[in-house]
Amino acid sequence: MSDDSVTAVILAAGEGRRLAPLTNRRPKPMVPVANRPLLEHVVEAITATDIDRIVLVVGYRQERIRNHFGDGDDWDVTIEYVEQTTQLGTGHAVLQAEPVVDGPFVVLNGDRIVDPVAVSRIRDRVREGTYPTMTVTTAEHPREYGVVSLDGDRVTAIDEKPEGLVETNRINAGVYGFSTDVFDAIRETDAPGELAITATLNDLAASESLSAVRYDGRWLDVSNLWDLLTVNAGLIGESGGSDPDGPALGDSVTVADDVALAGNVRVGPNVTIGGSTAIGSNATVEAGAVVENAVIFPDAVIGAGAVVRDAIVAGNARIGPNATIAGGPATVVVDDAVHHGVDLAGVVGDNATVGAGSTLTDGAVVGDDVDADAGVVIDGRVESGAVVRRG
């Protein structure tokens with residue numbers, strides 16, 4: 001590597017509990033959108049710049065990440081791994097990279113998708129010796145993120161998920177540029193519980209040393225299950241669409257333009273596949289089914305005549321014939337927080353079976369390995385491994 005080389009550190013150790021049951025068997029960065037893991041989109045944003053070395057901080061279900069990315073040859077980049085054995089926050093995760101980072105570096109989250117320009121701007125700043133630095137973007141609902149206060153191009157404070165009124169829509173976009181001095185700064189940060197990188201950034205902001213890079217490009221964040229549908233829709237258009245060697249389509253099949261069909265997908269006759277839908281490899285959609293605005297994982301089966309709309313169906317799950325996940329605004333409870341008006345009809349976990357003629361009410365979440373009888377109505381959350389019987 002040259003003297004001005006910059007390493008990219010990706011934080012990919014977390015579990016993603018708010019995405020359960022989808023994260024029971026895979027880490028959050030490996031949840032697929034547009035038929036590829038979230039983390040792959042992040043890696044490709046880096047490789048589109050001239051950064052040629054990536055350090056992946058891994059932890060929960062790390063074998064899924066290591067097996068998929070290997071040493072990085074498929075992306076023409078060198079990938080190394082460090083382990084965060086206990087997930088103690090993003091600051092603690094950055095600290096795990098200290099033994100393998102000996103110069104300026106860029107940090108990204110493994111579950112937040114940005115354009116390559118966000119990475120290249122931070123890379124250029126650290127090459128110039130301007131660090132610490134961070135990207136700042138705008139959001140429609142800034143209170144859900146870290147709200148950033150600025151004085152010109154200097155960050156003065158980051159208020160993480162503030163409860164009161166906010167005076168700006170500027171938020172932390174989650175791409176940072178550091179020198180190795182940040183490792184000492186993290187160790188010196190006094191923060192109760194988990195050590196978030198934002199706690200260290202606030203200390204740096206207080207010392208008037210944290211600069212901002214304004215960024216108004218793509219910023220796709222996956223915090224909750226319904227975010228997968230939004231991010232999936234946003235990525236399908238640029239993912240290359242369907243695998244040209246893949247799908248086997250029956251007669252009279254209607255497929256919208258913004259659909260991604262992976263390899264070996266089987267689609268029966270008279271099926272309608274509406275927009276913003278991704279169907280993973282080896283999945284089957286049987287005759288007369290309707291699938292729209294959905295993420296269908298590999299090996300799943302959508303039965304004949306079923307309707308799956310505004311939904312996520314995980315790996316090897318089976319939606320029985322004439323079952324209905326119909327779509328519409330829902331109320332979803334996540335970690336005791338109630339979210340109203342969410343566009344999520346339902347989620348079906350890995351290896352679950354929803355019987356013929358069954359119905360998922362809006363916002364229902366079916367855990368892994370659930371066995372639901374024909375004709376049942378499923379409401380709310382069904383824990384993994386449960387058996388749902390009629391009556």
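## Strands 9 and 10

Strand 9 (residues 146-151) and strand 10 (residues 154-160) pair in the antiparallel sense through six bridges. Strands here are DSSP runs of E with at least two residues, helices are runs of H or I with at least four residues, and both are numbered from the N terminus. Two strands count as paired if DSSP finds at least two bridges between them. The two strands form a hairpin with two residues between them, and Gly152 in the turn has a positive phi of about 70 degrees. Asp151 has Arg154 of strand 10 as its bridge partner.

## Basis of the model

The model is predicted: local features require pLDDT of at least 70 and side-chain atom pairs count only at pLDDT 80 or more, whereas totals for chains, interfaces and linings use all residues. Residues are numbered from 1 along each chain as its sequence is written, and side-chain values use heavy atoms, with hydrogens and water left out.

Asp221 is placed in strand 13 (residues 219-221). Its relative accessible area is 9%, and Asp221 is therefore buried; the term denotes under 20% relative accessible area, with exposed meaning over 50% and partly exposed lying in between (1.4 Å probe, protein chains only). Apart from neighbours within four places in sequence, Asp221 is in contact with Asp111, Arg112, Tyr145, Asp227 and Val231, where contact means heavy atoms within 4.5 Å. The C-alpha atoms of Asp221 and Glu167 are separated by 22 Å, the two residues being 54 residues apart along the chain.

The side chain of Asp221 makes polar contacts with two side chains: that of Arg112 at 3.1 Å and that of Ser223 at 2.6 Å. A polar contact is a pair of N or O atoms within 3.5 Å; within protein, one atom must be able to donate a hydrogen and the other to accept it, and residues adjacent in sequence count only if both atoms are side-chain atoms.

## Salt bridges

Side chains of opposite charge can pair when their charged atoms come close. A salt bridge is defined as a side-chain nitrogen of Lys or Arg within 4 Å of a carboxyl oxygen of Asp or Glu, and by this rule the count is 21.

Asp111 is buried at 16% relative accessibility, and Lys28 is buried at 11%. In the bridge between Glu44 and Arg36, the closest N and O atoms are 2.8 Å apart; Glu44 is partly exposed at 29%, as is Arg36 at 21%.

A further salt bridge joins the side chains of Arg318 and Glu286 at 3.6 Å, N to O. Here too the pair links distant parts of the chain, with Arg318 in strand 24 (residues 318-319) and Glu286 in the loop between strand 20 (284-285) and strand 21 (290-296), 32 residues apart. Arg318 is partly exposed, with a relative accessible area of 33%, and Glu286 is partly exposed at 23%. Salt bridges that share partners join Asp50, Arg123, Asp124 and Arg127 into one network.

Arg123 lies in helix 4 (residues 116-127) and counts as buried because its relative accessibility is 11%. Neighbours within four places in sequence aside, Arg123 is in contact with Val6, Thr49, Asp50, Ile51 and Val106.
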